Each structure stands twice: as structure tokens, then as C-alpha cells.
Amino acid sequence: MTATAAAQQGTTLRVAVTQEVDSLNPFLSITRTGTDILRAAFEQLTTASAGDMSPEPGLAEKWEPSPDKLTWTYTVRRGAKWSDGQPITAADVAFTFNLMLSNETARTANSNYVAQWESVTAPDDTTVVVKTKAPQTTMAALDIPIVPEHVWSKVDVGAEPTYPMVGSGPFVITDFKESQYTRLSANKQYWRGAPKIDNLDFVHYKNADAAVQALRNGEVDLVNGLTPTQFDALASDPNIERNNAKGKRFNELVMNPGAATATGQPIGDGHPALKDPRLRRAIAQAIDSKTIVDKVSGGYATVGGGYIPPLFSTYHWEPTGEQARTFDPAAANSALDAAGYARGGDGVRVDPASGRPLKFRLMLHAGKAFDEQSAPFIQGWLRDIGIAVDVVSVADNKLNEDTTAGRFDLAYSGWTGNPDPDAILALQTCASRPNADGKGATPDSFFCDQEYDRLYAQQGSEFDTAKRAEIVKRMQQILYAQAPMTILSYDNALEAYRKDKFAPFTLSPDPGGFIMNQQSYWGYYSATPAAASASGGSSSSSTVVWVVIGAVVVIAVVAALVLARRRRATADERE
């Protein structure tokens, strides 16, 4: 059961992914995979350095704030070109930013960066001036893809793009088939110089088992998101190199605290009892994260705590002392008894306010090992405290749509953190909730708390790192106390690649970092065919034929992406 798609000429790095792409529109995409691809295709003003992920020049050669830090001036590099050969100028940058200021849909993925901006101008071809309403700490690390004005001024900002896409990064997105593949080619116009490979393909597999088998068979060259069992099993393969890195993402169980729009209009069909923080805290206390780390993650993870992953140690917070919720089903049962959630005849507790039994849907990502393997544990632990759980397995994009619309009780999620915490903290603000059409922002848990919002605004204007870190940690304490989610674990990044076909990749951060889902594009841009395969018949040879295996990837005409997908599947989200 094989089929042949268009052949490609030159050297191709084939990357296996198991998460669906939500969108390849730079203004809309928020999932880990979509963001990863777009970072390879669209340069930003600054990019994260490979070493410590600190800002370094991208399209901007330099940047400078005014003494009051309310005006930022960026100098756009001369000579940089779009992939279609047209020059990149300050006008493109100003167009991108002003589109976000004027168009709600254009703010979907990155609204936090422009929320406090007053104006953006381009007085000449190499100068961009951004004026802000308040000092803003993220101005040297704006995680915003810059788009070409001559293309995007003629299209609907909410539409899915046509291919090839005109970009400025090391690669050009040339083709996309939903749930099948995304195809990129080297950008010969790239200002740093063209990559050493000719093509970069992201091939979608339904699950990690299929992706790992493809790696073993030489059908793909690079895989991440491995399960512990898969990672350990690959140790004996002489053609495969493994990479075990401390990751920058977390797994979370989101609890619907009363989904609403940015204006407070209720949406969705979440169970009303979950509005009660006492119930949410009891659920969190009934979940044994240590068992999940040991039994599901095989020790290749860290027990969850604060909202910022430990990789970003400056801002990471861990609950201690009386603040910490240790796994204690007895205490959780006592708390629910005291809150009036009496058990019915079937042992399931009843919400005293609505009279409804505590029967919750738990939505998980179909084919994702972490979700599928941890769900029975969570189902059993919640049963022990009188809560019935119905596990619902759905495709990534279906989960995105339902959670964005508030049609869930409990759901698996996860986000990838940034070196600067602003973007991930913004997900829990009142303003992150969408409009009635599900657009204009990126919600996570639909959490809305005035004190949290006040602190969020305060940290965004605090340039003293130590003082800012204290504010960020106080915000995490609020999230922990209100429990709109519980952080289950911080994943290690378990990756593997064909060392018989490719030389070692640039890791980020370095040392000890990862190849895929970096804060920038260094992993893919550094791809170099191994000397042994440079003249042989492999992915490094002159022609690559796409082989599609029955149940793994089905070549078919697929409908256009649903534009309501504005959330995350397993998140990069930003990253």
C-alpha cells in the first residue's frame, strides 16, 4: 500500500511529527509544530541565540530604547531579501505590526506583544520606530514573524496561505497537506546564506510508534516526542543517535473554570461545579504527579509545580511548605465533604449548587502516548474522591476547536515556555479570552483574575530582572492557589536522528539542548549530510520519493483548515 507523491531533487531532511498543524498563517498558528515550521520560514526582528537563547540580530541589526523606554528604534539590515527576490525593508516590519494593531484576527497568536503599543512608523527603508504606552520588557525579543507587505496587503489576514509562501527565513514553505506533510525548500535568498540541505519536510504520523518505525526504516531522519520505551529501545541501533535534553514545555490538566469571552460572555458547556476553586484544588490534590513521571514518562520528566518550566530557572517557582499540595486523596475527600459535595447512591458526588453529579469529560489527544497512558491513572484517582470521568479521545484539531469554544470539562494541554515569560503568562489573563467567534486572542484555561492581571502588567514594565522574577513568581502562586489547571510534569525532550545520514545538529540551548522546537531555527538550519551518505543513496541523494504507508498517512484531498482553530494541541505553542 504505497503511493508516490512529487519527487524532490537534492538533499532532504525528513522530520517526523505527530502533532497536526493548526495553521501556517503566521498570524494564527500557535501549536508547537506550526510555530516550529514558521520559525524556519519567517525571520523576526531579533532571534534567540543558539547558546543561551538571548536575543541576537535577525532582520534588525541593532535596536535601542529611549531613556524612558517608551520609544524603541530598530535598524533593519540592508541587503536582506524576501524569497521572491524583493528587498526586505522597514515598511514590511511596520506593515506587520500595524496590521496587528488594527486587525483583531492578526493579533490571534501574539497579542501580548502589541497590547501596550501606541504607534509604529517607518521613517525610512531601514528604520522602524515603535512607541509604547508603558515600558515593555519584551521589546528586544518580539516573537513575531515579519511578513512581506507586497503579499499580505492583498490577502485576507484570516485566510490560509497559498504556496509557495514568500518568506525571509532559511527555508520556504512550498506545499502543505493537512495531516500529511509540510514541504519546505532552501531559501537561496536567505541573508545568512542558504542552508546546506535543499529540502526540509515535516511528515505527519498518527502516533510516535509509527514515527519511530519510520526512523528505523530510514523513511525519516529526525524524530522527537519519543516515549521512554522508544527512546531506550533505540540505544542499540548503530545508525541512530539519541538526544535526551531538559525540555522547555509542560503537560497540564486544564479545568474549565467557566469559559467566557474577553467581555465576560459565557460560552461553551463546561460543568458549572468547576467554577469552584475548592473543587479544582481537590482534583489537583488527588493526582499523583510522581506516579505519572515514573510510570508514564519513565523518569524522563520532572514532577510539575509552577507554571514556568525549570529550564528557565530565573522565573521558575516551586510551591513549598504549607503551600504545596502533596498527593493526598484523604485530604481531597475531606475538602469536598466540607464544601458540601455529598456522595450520591452510586458514590459520585453531587454539585450542591446545580444538583448535577460530578461527572466530567476528560478530553485527550488521540495517539499521544502521554495522554493515553496517564488518563486511566487520573480516572482512577478521581473516582477515589467521588468524581466520575469519561475519557474522550479526539484528534488534535478537534480538541483545539472544542477547548477554544469552551466545550470541555477537563482537557489535556501543554505549552512550551520562552526565555522571556511574558507570552506564556499572558495566556492566563482576562484579555487572552477570545471574542464570540473564537478569534482575537489565545486562551488556555479561560482563567480571569484581576490581581493576576495587575501583576502581569507590572512584570511587563519591570526591567530589573530580580524584581521582575519576584512578580512572576507571585503570579504563579495565584495560578497554583486558584488551580484552573494542574501542571502534571515537565517533559524531557527525547529525540533521535539518523547519524548515518546527518552530522550532529546545533543544539539550543547549548550545551544540553534540543534539535526540534527550538526558540529559533538553528537545528534545521545546521542540518548537514553525513560524509558517509553525501554520495550514497539515501535522504541525502539526488532524488527523494515520498512513500506513504496505509494507516499511517493517507494521501487524499483534504478540506481547508477550520479557521476557528486558535488554541493549542500540545502547544508551542509559544513555544
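Biologist: Which helices and strands each supply at least two residues of the lining of the largest cavity?
Modeller: This is a predicted model, where local features need pLDDT of at least 70 and side-chain atom pairs count only at pLDDT 80 or more, while totals for chains, interfaces and linings use all residues. Residues are numbered from 1 along each chain as its sequence is written, and side-chain values use heavy atoms, leaving out hydrogens and water. A cavity is a set of points, on a 1 Å grid over the protein atoms alone, where a 1.4 Å probe fits but cannot get out, and lining residues have an atom within 4 Å of a point. With helices (H or I, at least four residues) and strands (E, at least two) taken as DSSP runs numbered from the N terminus, the suppliers are helix 1 (32-41), strand 9 (171-177), strand 10 (181-186) and strand 11 (199-204).

Biologist: How much space lies in the largest cavity?
Modeller: The lining of this cavity has 14 residues, and Val-17, Gln-19, Val-21, Thr-182 and His-204 lie nearest its centre. A volume is the space filled by probe spheres set on the grid points. For the largest cavity that comes to about 60 Å³.

Biologist: Which residues line the second largest cavity?
Modeller: The second largest cavity has a volume of about 40 Å³. Its lining has two nonpolar, four polar and two charged residues. They are Arg-39, Phe-42, Glu-43, Gln-44, Thr-47, Gln-519, Ser-520 and Tyr-521.

Biologist: Which helix gives the most to the lining of the second largest pocket?
Modeller: A pocket is an open set of points with protein on both sides within 12 Å along at least five of seven lines. The second largest pocket is lined by 44 residues, with Ser-111, Asn-112, Ala-115, Ala-431 and Tyr-456 nearest its centre. Elements that each supply at least two residues include helix 2, helix 3 (111-114) and strand 17 (410-416). The most, five residues, comes from helix 13.

Key: Nonpolar A, V, L, I, M, F, W, Y, C, P; charged D, E, K, R; others polar.
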